[in-house]
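User: I am new to this structure and would like to learn how to read its features one at a time. Please start once it is on display.

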Amino acid sequence: MSSNPVHDRIAKEIAENDVLVYMKGTPVFPQCGFSAAVVQVLSELGVKFKSVDVLKDAEVRQGIKEFSNWPTIPQVYVKGEFVGGCDIVKEMFEQGELEGFFKERGISLDV
Amino acid sequence: MAMSAREIEKAICAALPDAEVTITDLAGDGDHYAAMVVSGAFKGKTRVQQHKMVYDALAGRMGGQLHALSLQTAAKD
């Protein structure tokens with residue numbers, strides 16, 4: 001564990017949620033096109049996910065970038081593993097890899 | 001302050017000298033770009049690692065000075 005309480009909070013959230021999306025806004029009202037694109041892909045696959053709205057929490061907004069060593073939001077975590085941001089998730093979806101990725105990790109897809 | 005396509009390309013090529021970089025100004029506003037980067041240095045790396053190498057090349061400007069850079073990477077044979 002780190003000595004940074006925000007990082008500890010993020011680590012706990014990631015451990016407790018199989019699919020977690022750090023995004024701007026909410027799945028119903030995304031506040032950024034990149035966040036909206038990730039929500040759209042996950043919804044299309046029927047993946048249940050939890051989201052964190054970084055616009056509501058400045059500490060997490062900065063903290064998640066440091067935690068993942070990744071400069072942008074959205075960020076997607078699956079079973080504790082950092083999958084990537086919008087570009088990677090979209091590319092995996094378009095190349096037909098994303099469905100298998102979730103299935104391999106035991107994430108159910110309700111279509 | 002936004003970055004020009006030329007500056008983005010220069011920064012990427014400084015870190016990855018063999019990189020073939022194609023940049024598209026998506027909105028024509030000098031602030032929303034798409035970049036395709038092909039480099040031999042990406043071989044054997046995951047997508048996350050490849051994207052991190054490009055972000056490292058941009059040295060902290062990504063997400064700040066550079067608002068939106070949609071990134072696609074591929075390994076060169």
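User: At what angle do helix α1 and α3 of chain A pack, and how far apart are their axes?

Analyst: Keep in mind that this is a predicted model. Helix α1 (residues 5-16) of chain A packs against α3(A) at an angle of about 80 degrees, and their axes are 9 Å apart. Angles of 65 to 115 degrees count as roughly perpendicular, so α1(A) is roughly perpendicular to α3(A).

User: Which residues make the contact between α1(A) and α3(A)?

Analyst: From α1(A) come A:Val6, A:His7 and A:Ile10, while α3(A) brings A:Glu59, A:Val60, A:Gly63, A:Ile64 and A:Phe67. Sorted by class, the contact of α1(A) with α3(A) has five nonpolar, two polar and one charged residues.

User: Take A:Val60 from that list. Is A:Val60 buried or exposed?

Analyst: The way to judge this is to count neighbours: a residue is buried if 20 or more other C-beta atoms lie within 10 Å of its own. A:Val60 has 21 other C-beta atoms within 10 Å and is therefore buried. A:Val60 sits in helix α3 (residues 58-68) of chain A. Leaving aside residues up to four places away in sequence, A:Val60 touches A:Val6, A:Ile10, A:Val52 and A:Val54. As for separation, A:Val60 and A:Ala36 are 24 residues apart in sequence, and their C-alpha atoms are 19 Å apart in space.

User: What about A:Phe29: is A:Phe29 buried or exposed?

Analyst: A:Phe29 counts as exposed because there are 8 C-beta neighbours inside 10 Å. A:Phe29 belongs to the loop between β1 and α2 of chain A. Between A:Phe29 and A:Gly106 there are 28 Å in space, C-alpha to C-alpha, and the two are 77 residues apart in sequence.

User: Back to helix pairs. At what angle do the axes of α2(A) and α4(A) cross?

Analyst: The axes of helix α2 (residues 33-45) of chain A and α4(A) cross at roughly 30 degrees and come within 9 Å. Angles under 35 degrees count as roughly parallel, so α2(A) and α4(A) are roughly parallel to each other. The crossing of α2(A) and α4(A) is left-handed. On the α2(A) side the contact is made by A:Phe34, A:Ala37, A:Val38 and A:Val41, and on the α4(A) side by A:Cys86, A:Val89, A:Lys90 and A:Phe93. These residues of the contact of α2(A) with α4(A) divide into seven nonpolar, no polar and one charged.

User: Next, strands. In which sense do β3(A) and β4(A) pair?

Analyst: Strands of a sheet pair through backbone hydrogen bonds, either parallel or antiparallel. Here β3(A) and β4(A) pair in the antiparallel sense, over three bridges. One example is A:Tyr77, whose bridge partner in β4(A) is A:Phe82. The two strands form a hairpin with two residues between them, and A:Lys79 in the turn has a positive phi of about 50 degrees. Strand β1 (residues 19-23) of chain A also runs antiparallel to β3(A), joined by four bridges. There, A:Val21 has A:Val76 as its bridge partner in β3(A).

User: Which residues of strand β3 of chain A are buried on its two faces?

Analyst: In a regular strand the side chains alternate between the two faces of the sheet. In β3 (residues 75-78) of chain A, A:Gln75 and A:Tyr77 lie on one side, with A:Val76 and A:Val78 on the other. All of these are buried, and both faces of the strand are covered.

User: What is the strand order of the open sheet in chain B?

Analyst: This open sheet of three strands has the order β1-β2-β3 (chain B), with mixed pairing. Its edge strands, β1 (20-25) and β3 (68-75) of chain B, each pair on one side only. From one strand to the next the twist averages 15 degrees. Strand β2 (residues 32-39) of chain B pairs with β3(B) in the parallel sense over eight bridges, and B:Ala75 in β3(B) is the bridge partner of B:Ser39. Helix α2 (residues 47-57) of chain B packs on the sheet and touches β2 and β3 of chain B; the helix direction makes about 120 degrees with that of β3(B).

User: Finally, how many residues does each chain give to the contact between chain A and chain B?

Analyst: Chain A gives nine residues and chain B gives 10 residues. On the side of chain A that touches chain B, β4 (81-84) and α4 (86-94) of chain A each supply at least two residues. The most comes from α4(A), with three residues. By class, this side of chain A has three nonpolar, three polar and three charged residues.

Methods: Residues numbered from 1 in each chain as written. Chains lettered and ligands numbered in written order. Predicted model: local features only at pLDDT ≥ 70, side-chain atom pairs only at ≥ 80, totals over all residues. Contact = placed C-beta atoms within 7 Å. Nonpolar A, V, L, I, M, F, W, Y, C, P; charged D, E, K, R; others polar. Buried ≥ 20, exposed ≤ 12 C-beta atoms within 10 Å, placed from the backbone. Pairing = 2+ DSSP bridges. Axes fitted to C-alpha atoms, helices over the stretch in contact; angles between N-to-C directions. Parallel < 35°, antiparallel > 145°, perpendicular 65-115°, else oblique. Left-handed = near helix turned anticlockwise from the far one by under 90°.
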